[in-house]
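Morning, everyone. I'll take a few minutes on one model. Have a look at the sequence and structure first.

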Amino acid sequence: MNPKTVKYILKRLVLAVFTIWVVITITFFVMHAIPGGPFLSEKAVSPAAQKAMEAKYGLDKPLFEQYVTYLKSAVRLDFGPSIKQRGRQVMNIITDGMRTSAKLGLIAAFLALFSGIVLGSAAALRRNTLLDRIIMVITTAFVSMPSFIMGSLLLIAFAVKIHLFPANGAQAGGLVLPVVTLMLYPMSYITRLTRSSMLDVLGQDYIRTAKAKGVSRIRTIFGHALKNALIPVITYFGPMLAYIVTGSLVVEQIFAVPGIGRAFVQSIINRDYTVIMGTTIILAALIVIMNLLSDIAYKIVDPRITLE
């Protein structure tokens, strides 16, 4: 690895830490600026009991002191106990949710990547044919349809009407419909991205030169065209993978999947400050890391790219 690449990675790591700090700071102060508190929903809580609970979780201290204390703990990945889920640590809640969300997201992401590249390449190689038009119509429909509509349609069709899959994501086989719902949009986007990029690459001079030299069609496509056409896909895949792996809030709600997305929604509803903060930090860190990894992957795919 050359010094320029090392310098670029170090610079991005510093920027990543700064980005996460900004996310923590904004989330912390905005959350505390919202009127109300986490104990207002408790039944028959006396002022004395409310003050005791605030003291227990350090909410009675000045806001800036709470902020500094939280930053010191967050560096050690210690997000403290959940305010609403008594007896549970925030990190345990995040870990439990990530087990399901990561499995769901990784399967959906790589199915979307594989299917999108195959369909996009097929559409580009059969440009303006019936196959190309069918693929473009289907992917346009999936890209245009929000995930909550697609998820609801799949739920009604395959869980309610024909009972092929369970409606509850926590049951055996219950992740099939959430996986399909999560993969359809990125698959369609990758398909269109691959087709556009492949058509551009196939028109380049070096591809025509390879054909003129008698290079086989398979080697021209997979050895030259597809490799260069995948660079825009890598740009999209990094952040997309982070988004899917951390769980879709809407999809997990529709299919009752016990993932990190659903836990995050519940923490917002319950004003569970510690869970909101811990989950926000983890999600932000994953997105920043995946952006960094996708940038480094450019260099692996195309050594001509310089990272500055």
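Helices here are DSSP runs of H or I with at least four residues, numbered from the N terminus. This is a predicted model: local features need pLDDT of at least 70, side-chain atom pairs count only at pLDDT 80 or more, and totals for chains, interfaces and linings use all residues. Residues are numbered from 1 along each chain as its sequence is written, and side-chain values use heavy atoms, leaving out hydrogens and water.

Start with the loops. Ala 256 sits between α11 and α12 (260-269). Its phi is near 55 degrees, positive in a residue other than glycine. Most residues other than glycine have a negative phi. His 163 also has a positive phi, near 55 degrees. It lies in the loop between α6 and α7. Is His 163 buried or exposed? Exposed, because its relative accessibility is 60%. The cut-offs: buried is under 20% relative accessible area, exposed over 50%, partly exposed in between, with a 1.4 Å probe and protein chains only.

Now α6 itself, residues 147-161. It has 15 residues and reaches 20 Å from first C-alpha to last, close to the expected 21 Å. That expectation is 1.5 Å times one less than the number of residues. There is a kink of about 25 degrees, centred on Leu 155. The bend is the angle between axes fitted to the seven residues ending at a residue and the seven starting there.

Leu 155 is also buried, as are Met 150, Gly 151, Leu 154 and Ala 159. The cover over the buried residues of α6 includes α5 (130-144), α7 (176-202) and α11 (249-254), with contact meaning heavy atoms within 4.5 Å.

How values were computed
Helices (H or I, at least four residues) and strands (E, at least two) are DSSP runs, numbered from the N terminus.
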